[in-house]
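Reader: I have a structure open on my screen, and I would like to know what stands behind the words used for it. Could we go through them together?

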Amino acid sequence: MDTVPIGRTLGYGALAGAVAGGAGAATMYWLVEPLIRAAIAIEEAGSEPEAHTGHAQAAGEVVTRGEQVSFGLATVVLVGILIGIAFALVHRFLRPRLPGSSTAASVMALAGLGFVSFTLTPAIVIPANPPAVGDPMTVDARTLTYLGAIVGAVVLTAVITGVARAKNLTPGARAVAATSLGIAGTAVLLWALPDVADPVPAAVPADLIWHFRVASLAQIGVMWLVLAAVFAFLTFARPRLTPAPDASPRSAARVR
């Protein structure tokens, strides 16, 4: 059982999440934002002159693109902090059930499972698209399918992890069973979820779509990696920063 106070666990998670959010915001600014601007330019170039003028005026009355970017980067940091807190709590209560023989290994394993469940699987089901792509009429269907992919992936990941740690099976049998279950379960999940991906307009280059999807996936992947690395470092460094029992006043009194 973890003897670290829960407040300290939450602090570690919030700090790791803040660092991860900062790394994700930097990745978003340098990799994702240029692609978004290119997609917006294509969308505006293909619109009617009157509609373009009205859109520019409306945009000027609401917020500028720079303000949108600043708000988006701040949101990434805030989301990183919230995810870090949730990550710390999950690791605290599920540590005995996670793969890995050490604390650092279990942290990295949890981050890997989180990336697969909350990022990779939904990205396969509904790939990310820049602003120039997407039918507003399909937003509700895509949102429900996205959430369904996350729920299905979380359940499948939990089952696979349980099989991989089953004590009544040999190590070889656990590996085969977990791998087979993962392949079969993923195939069923992808088959069961509806195809609600929007078609890509001909005006949008295919390489722009591809680079945007890779950059978006890389941004979230960086956040998961940094979150795990920082949280593992804080958790690993904590025992070395804690005074030894022999140095306590009570121990010194016993020596006297």
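Reader: Among contacts between residues at least 6 apart in sequence, what percentage join residues at least 24 apart?

Author: Happy to start there: 82% of those contacts do. Please keep in mind that this is a predicted model.

Reader: What makes up its secondary structure, and in what pattern?

Author: The protein has eight helices and zero strands. Along the sequence that reads α-α-α-α-α-α-α-α.

Reader: How do you know how confident the predictor was, and which elements have the lowest and highest mean pLDDT?

Author: The mean pLDDT of the protein is 82, and 83% of its residues reach 70 or more. Where pLDDT is low, the predicted coordinates should not be read in detail.

Reader: Why is Ser216 called buried?

Author: Buried means under 20% relative accessible area. Ser216 has 14% relative accessibility, so Ser216 counts as buried. This residue is found in helix H7, and Ser216 touches Val32 and Ala128, leaving aside residues up to four places away in sequence.

Reader: What makes the span of helix H6 close to the expected one?

Author: Helix H6 covers residues 171–192, which is 22 residues. From first C-alpha to last it reaches 31 Å, close to the 32 Å expected at 1.5 Å a residue.

Reader: How do you know that the buried residues of H6 line one face?

Author: The buried residues in H6 are Arg174, Ala178, Gly182, Gly185 and Leu189. Seen down the axis of H6, they fall within an arc of 85°, so they line one face of the helix. An α-helix has 3.6 residues a turn, so residues three or four places apart point the same way. Val176, Ile183, Val188 and Trp191 are exposed on the other side of H6. Helix H4 (103–125) and helix H5 (139–164) are included in what covers the buried residues.

Reader: What makes a set of residues a nonpolar core here, and which members of the largest one touch the most others?

Author: Its members are buried nonpolar residues joined through side-chain atoms within 4.5 Å. The largest core has 16 residues, of which Ala16, Phe87, Val107, Ala111, Trp224, Leu227 and Phe231 touch the most other members. Helix H1 (6–45), helix H3 (65–94), H4 and helix H7 (206–241) each supply at least two residues, and H7 gives the most, with seven. Ala111 touches Phe87, Trp224 and Ala228, not counting residues up to four places away in sequence. A second, separate core of 14 residues includes Ala25, Met28, Ala39 and Val76.

Reader: Which residues does UniProt list as "transmembrane region", and what is the helix content of 12–32 and 102–124?

Author: The unreviewed UniProt entry lists 12–32, 69–90, 102–124, 144–163, 175–194 and 214–236. In the model, residues 12–32 are 100% helix, with end C-alpha atoms 28 Å apart. Residues 102–124 are 96% helix, and their end C-alpha atoms lie 31 Å apart.

Conventions. Residues numbered from 1 in each chain as written. Predicted model: local features only at pLDDT ≥ 70, side-chain atom pairs only at ≥ 80, totals over all residues. Heavy atoms only, no water. Helix = DSSP H or I, 4+ residues; strand = E, 2+ residues; numbered from the N terminus. Expected span 1.5 Å × (residues − 1). Buried < 20%, exposed > 50% of the residue type's maximum accessible area, 1.4 Å probe, protein only. Arc of directions from axis to C-beta. Contact = heavy atoms within 4.5 Å. UniProt positions renumbered as here; feature names shortened; annotations may be inferred. pLDDT = per-residue confidence, 0-100.
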